Amino acid sequence: MSSILAYGLILYCRPGFEKECASETSALTTKAGLPGKVHAEPQSGVIRFVLNEPVDWRAIADAIPFNDWVFARQRVVWVGRVEDLPTRDRVTPIASIVHDVGIHCGRVWMETADTNDAKKVSGMLKRMTPHLEFALGNQNSLKNQDSLATLHLFFEGQDRVDLGLTMLNDASPWPMGIARLRMPRAAPSRSTLKLAEAFQALMTEDERTASLKAGLRAVDLGAAPGGWSLQFAERGLHVSAVDNGNIAPAVMATGMVEHVRADGFTWRPQRKSEWMVCDMVEQPTRIAALVADWIASGRCRRSIFNLKLPMKKRIEELAKCRKLIDQRMRQLPGAYTLRFKHLYHDREEITGYLAK
């Protein structure tokens with residue numbers, strides 16, 4: 001599929017964050033030397049970048065990997081559009097353009113923006129999916145192979161669809177970038193899903209395998225009521241849950257959690273841990289400094305943390321936190337990893353991953 005031309009990018013984001021995603025897209029495409037224009041509508045949940053001239057789809061994907069974006073849940077390379085879809089048969093024109101463009105894909109994801117208006121077509125898409133997959137399979141456009149691209153069909157209403165492509169190792173693992181996760185039975189709050197999503201969205205499979213092993217140790221700063229501690233406990237890690245507040249009885253009942261009644265900013269461990277995680281409500285730069293200190297001092301090897309960003313200066317505040325962490329880590333020998341992502345289960349916060 002190297003000869004398929006791309007006309008730009010389609011990016012999905014949380015409604016209300018179009019300004020940040022558009023600003024980020026403009027900066028990344030400019031840095032990559034891709035001339036074009038960014039289009040964004042408030043509360044739409046989608047950003048479009050239209051190239052001045054089409055380029056090979058893999059070239060634009062390789063120029064800006066998905067992980068370079070913070071505010072985009074998913075980044076799709078836009079390769080085609082079908083308008084005026086007939087009500088009685090939407091499958092045939094879609095299958096036809098897939099064939100004509102020369103797409104060979106390993107899976108098909110039917111998607112919309114994450115808005116109430118867009119979700120009104122979700123029932124139609126669910127009913128249409130098996131019929132489209134059958135048609136694409138018959139014309140050899142769809143094969144069950146991980147090495148092939150994912151075909152994204154992005155619907156805005158019932159009569160227009162944009163075609164996009166991603167590779168599995170360069171995209172969100174979930175359709176629409178929306179993490180569909182199981183709520184643990186013992187979880188005291190839905191905040192537990194933030195950490196579960198972060199493990200999948202911010203870490204590689206090798207990183208998860210190495211660091212989420214039974215018997216390792218983790219520290220959860222500002223742990224109450226214990227949703228983040230539970231994620232480690234259910235994986236067999238020993239957790240020090242640091243908070244003056246109470247930890248839910250169901251979390252303590254795992255037998256893997258020690259409750260330490262202390263201030264998360266001043267408490268220090270007696271032994272090193274694999275992990276320190278932090279979801280405390282505090283100024284973002286103060287959290288960033290705390291995380292950098294824990295990693296730089298060797299108290300832990302890696303951290304996942306949330307930054308509660310101010311509504312009017314999200315980009316600027318994130319840049320301050322990134323700079324603060326970078327400055328501290330660059331004083332140390334060796335490489336480090338720093339990633340940020342606005343997760344589906346985040347609200348006004350951004351989740352970070354730092355590892356030495």
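Reader: In which strand is the place of R75?

Author: In this predicted model, R75 belongs to strand β4, which covers residues 74-82.

Reader: Why is R75 called buried?

Author: The relative accessible area of R75 is 1%. Buried means under 20%, so R75 with its 1% counts as buried.

Reader: What makes the approach of the R75 side chain to the side chain of D170 a polar contact?

Author: The distance given for R75 and D170 is 2.7 Å. The limit for a pair of N or O atoms is 3.5 Å, so 2.7 Å between these side chains falls within it. The side chain of R75 also reaches the backbone oxygen of I64, at 3.2 Å.

Reader: Which residues does R75 touch, not counting residues up to four places away in sequence?

Author: R75 touches L9, I10, L11, A61, I64, P65, F66, W69, T166 and D170.

Reader: Why is Q43 called exposed?

Author: Q43 has a relative accessible area of 52%. Exposed means over 50%, so Q43 at 52% qualifies. Q43 is found in the loop between β2 (36-40) and β3 (46-56). Its phi is near 65°, a positive value in a residue other than glycine.

Reader: And what makes D84 exposed?

Author: D84 has a relative accessible area of 66%, and the cut-off is over 50%, so D84 is exposed. The loop between β4 and α3 (91-101) holds D84. Phi of D84 is near 55°, again a positive value in a residue other than glycine.

Reader: Which peptide bond is cis, with omega near 5°?

Author: The bond from A224 to P225 is cis, omega being near 5°. P225 lies in the loop between β8 (217-221) and α8 (227-233).

Reader: Which residues of the largest nonpolar core touch the most other members?

Author: They are L151, L153, F155, L163, L221 and F305, in a core of 79 residues. Helix α10 (residues 284-296) gives the largest share of this core, seven residues. A second, separate core has 26 residues, among them L230, A233, V257 and I304. In soluble globular proteins, nonpolar side chains tend to be buried together.

Reader: What does L153 touch, not counting residues up to four places away in sequence?

Author: The contacts of L153 are I94, V108, W109, M110, E111, L132, V161, D162 and L163.

Reader: How many aromatic pairs does the count come to?

Author: The count comes to nine aromatic pairs.

Reader: Why is the pair of Y12 and F154 called stacked?

Author: The ring centres of Y12 and F154 are 5.1 Å apart and the planes stand at 20°. Centres must lie within 6.5 Å, and planes under 30 degrees apart count as stacked, so Y12 and F154 form a stacked pair. Y12 is in strand β1 (residues 5-12) and F154 in strand β6 (residues 149-155), so the pair ties together parts 142 residues apart in sequence. Y12 is buried at 3% relative accessible area, and F154 is buried at 1%.

Reader: What makes the pair of F305 and F340 edge-to-face?

Author: The centres of the F305 and F340 rings are 6.0 Å apart, with planes at 90°. Planes over 60 degrees apart count as edge-to-face, so the 90° of F305 and F340 puts the pair in that class. F305 lies in strand β12 (residues 300-308) and F340 in strand β13 (residues 337-341), 35 residues apart. F305 is buried with a relative accessible area of 0%, and F340 is buried with 3%.

Reader: Which residues form one aromatic cluster?

Author: F199, F232, W275 and Y353 form one aromatic cluster.

Reader: How do you know that the charged end of R299 sits over the ring of W294?

Author: The charged end of R299 is 5.8 Å from the centre of the W294 ring. The distance limit is 6 Å, so R299 passes it, and R299 is listed as sitting over the ring. R314 lies over the face of F17, at 3.7 Å from the ring centre.

Reader: How do you know that the radius of gyration agrees with a compact globule?

Author: A compact globule of 356 residues would have a radius of gyration near 21 Å, and the chain has 22 Å, which agrees. Of the 356 residues, 54% count as buried.

Key. Residues are numbered from 1 along each chain as its sequence is written. This is a predicted model: local features need pLDDT of at least 70, side-chain atom pairs count only at pLDDT 80 or more; totals for chains, interfaces and linings use all residues. Side-chain values use heavy atoms; hydrogens and water are left out. Helices (H or I, at least four residues) and strands (E, at least two) are DSSP runs, numbered from the N terminus. Buried means under 20% relative accessible area, exposed over 50%, partly exposed in between (1.4 Å probe, protein chains only). A polar contact is a pair of N or O atoms within 3.5 Å; within protein, one must be able to donate a hydrogen and the other to accept it, and residues adjacent in sequence count only if both atoms are side-chain atoms. Contact means heavy atoms within 4.5 Å. A nonpolar core is a set of buried Ala, Val, Leu, Ile, Met, Phe, Trp, Tyr and Cys residues joined through side-chain atoms within 4.5 Å. A charge sits over a ring if NZ of Lys or CZ of Arg is within 6 Å of the ring centre and within 35 degrees of the ring normal. The radius of gyration is taken over C-alpha atoms; the globule rule is 2.2 Å times the number of residues to the power 0.38.
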